[in-house]
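Good morning, colleagues. Please look at the display before I continue.

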Amino acid sequence: AVSGFCLTSLTVYIITGGVKRMGKISAVLVPAMSALYIIASIWILADNFEVLSSILADIISQAFYAAP
């Protein structure tokens, strides 16, 4: 209930600020989300490094060769 209230309050704050406030929030939020996405992707690849070559081989073989 508390998190819903906080998100609702933040949304109302942003919307009532108009386009300028939405732009300011987006200017901070979008790069942060992009950085988090890239870091998470690198983390997942590094965590599964030992099976990465077999996964890529499976993807390529199944993409270019028809299944019997």
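By contact I shall mean heavy atoms within 4.5 Å of each other. The model before you is predicted.

In that sense, helix α2 meets helix α3 through L45, A46 and D47 on the α2 side and F49, E50 and L52 on the α3 side. The axes of α2 and α3 come within 6 Å, and their crossing angle is roughly 90 degrees. Angles from 65 to 115 degrees count as roughly perpendicular, and α2 and α3 are therefore described in that way.

Let us turn to the other pair. Helix α1 covers residues 2-16 and helix α2 covers residues 18-47. Their axes also come within 6 Å, but here the crossing is at roughly 125 degrees. The contacts join Y13, I14, I15 and T16 of α1 to G18, R21, M22 and I25 of α2.

Also in helix α1 is G4, which counts as partly exposed because its relative accessibility is 35%. Between G4 and S34 there are 24 Å in space, C-alpha to C-alpha, and the two are 30 residues apart in sequence.

Finally, the surface. V51, I55, L56, I59, I60, F64 and Y65 make a nonpolar patch of about 740 Å². One of these, F64, belongs to helix α3, residues 49-64. With a relative accessibility of 65%, F64 counts as exposed, since the cut-off is over 50%.

Conventions. Residues numbered from 1 in each chain as written. Predicted model: local features only at pLDDT ≥ 70, side-chain atom pairs only at ≥ 80, totals over all residues. Heavy atoms only, no water. Patch = residues over 30% accessible without salt bridge, like charges linked within 9 Å, V, L, I, M, F, W, Y side chains within 5 Å. Areas by Shrake-Rupley, 256 points an atom, 1.4 Å probe, with all protein chains shown as cover. Salt bridge = Lys/Arg side-chain N within 4 Å of Asp/Glu carboxyl O. Helix = DSSP H or I, 4+ residues; strand = E, 2+ residues; numbered from the N terminus. Buried < 20%, exposed > 50% of the residue type's maximum accessible area, 1.4 Å probe, protein only. Axes fitted to C-alpha atoms, helices over the stretch in contact; angles between N-to-C directions. Parallel < 35°, antiparallel > 145°, perpendicular 65-115°, else oblique.
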